Amino acid sequence: MSKKIIVTGCNGQLGHAVNDFYAGSDYECVNTDVGELDITDVDAVLKFAREVKPYAIINCAAYTNVNMCETEKDLSFRINAIGPRNLAIAASETGSKLVQISTDYVFPGDEDKELTEFDKTGPVSSYGFGKLAGENFVKDFADKYFIIRTAWLYGEGKNFVRTMLNAAKTNPSVRVVRDQIGNPTSAVELAKCIGYLLPTDNYGLFHGTCEGSCSWADFTEEFYRLAGVTTPVERITTDEFPTPTKRPAFSKLDNYMLRQTTDFRFAHWTDAIAEYMRNEQK
Ligand SMILES: NC(=O)c1ccc[n+]([C@@H]2O[C@H](COP(=O)([O-])OP(=O)(O)OC[C@H]3O[C@@H](n4cnc5c(N)ncnc54)[C@H](OP(=O)(O)O)[C@@H]3O)[C@@H](O)[C@H]2O)c1
């Protein structure tokens, strides 16, 4: 009999990648997005989990518009913090495993160093604050959990890569920041990591990003090169591109706990984006 996995936020980037990963496997994805299961509603979450009795819950749902999190503070907190809390309560009650996805934005990112799971958090945005609260709720309420902090995620759906490829079609040049450094991470790679950890009892907090780091400008130049796009990238500073959200300048995550406890390795970001672009161009 197949093992049931409740996938929340199934219409998002990671939701798609998780479904692709488990397609044709011994696991059955019970897919939900906000229409079927609003993770902020504790009663609905508990009722659904009691009915399905899942082997695991993979929470791919989130409020990911970082700028909007500053204006929609309460709503984003409900989705990014109360949502995982509700899922953790449900996972605990049904004896299920829980995968919660978190972010590099839990860090202030004011030092140029690679951050491990043991570095001090200190979010500088509402998004980071809500996601960190979500992590803490999961630790408080779930027994068997994997919290995976990822970063700069791209996959099926609306994402930075597609936005910048479209921008290149209509602009003589594009302006991209050169002084924020991080780990562009493919949702496909993150789904593989989830698939690796889920059957294990290797619980806890993990950093899970593609290997290597770069700036947003470097990243853009690389996928433009792969796509044969010749639109010039104007490499600007964060100060030249003001947004409502303060962002970590350095958020290079080190997958320290994955290296210490598993033989799972993420692809390098240059290989992962090359694979993504090959599929985009099919
Ligand atoms: N994207 C990134 O760069 C990035 C970076 C670091 C970490 N992460 C984390 O990675 C995870 C996956 O992100 P993603 O990029 O795949 O997200 P995404 O593409 O924005 O998808 C999130 C999904 O959750 C749904 N959702 C929103 N509110 C909900 C609710 N109350 N109940 C149920 N579903 C709800 C969204 O629906 P609507 O579209 O209708 O709102 C959407 O389908 C998230 O935990 C995110 O915080 C993402």
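Mentor: A crossing is left-handed if the near helix is turned anticlockwise from the far one by less than a right angle, and right-handed if clockwise. The model is predicted: local features need pLDDT of at least 70, side-chain atom pairs count only at pLDDT 80 or more, and totals for chains, interfaces and linings use all residues. Residues are numbered from 1 along each chain as its sequence is written.

Trainee: In which hand does H2 pass H4?

Mentor: Helices (H or I, at least four residues) and strands (E, at least two) are DSSP runs, numbered from the N terminus. Helix H2 covers residues 42-52 and helix H4 residues 73-94, with their axes 9 Å apart. The crossing of H2 past H4 is right-handed.

Trainee: Are H2 and H4 roughly parallel or roughly antiparallel to each other?

Mentor: Axes are lines fitted to C-alpha atoms, for helices over the stretch in contact, and angles run from 0 to 180 degrees between N-to-C directions. Angles under 35 degrees count as roughly parallel, over 145 as roughly antiparallel, 65 to 115 as roughly perpendicular and the rest as oblique. H2 and H4 pack at an angle of about 30°. The two helices are therefore roughly parallel.

Trainee: What is the order of the strands in the open sheet?

Mentor: Two strands pair if DSSP finds at least two bridges between them. The edge strands, each pairing on one side only, are E2 (27-31) and E10 (204-207). The six strands, with parallel pairing, have the order E2-E1-E3-E4-E5-E10.

Trainee: Which residue in E3 stands opposite isoleucine 6?

Mentor: Strand E1 (residues 3-8) pairs with strand E3 (residues 56-59) in the parallel sense, over four bridges. The residue opposite isoleucine 6 is isoleucine 57.

Trainee: At roughly what angle do the axes of H1 and H7 cross?

Mentor: Helix H1 (residues 13-22) lies across E1, E2, E3 and strand E4 (97-103). Residues of H1, including Leu14 and Phe21, meet residues of H7, including Leu190 and Ile194; contact requires C-beta atoms, placed from the backbone, within 7 Å. The axes of H1 and H7 come within 8 Å, and they cross at roughly 55°.

Trainee: Which residues come nearest to the ligand?

Mentor: A residue is near a molecule if its C-beta atom, placed from the backbone, lies within 6 Å of it. H1, H4 and E4 each supply at least two residues of the shell around the ligand. Of the 26 residues there, the nearest are Gly9, Gly12, Gln13, Ala61 and Ala62.

Methods. Two residues are in contact if their C-beta atoms, placed from the backbone, lie within 7 Å.
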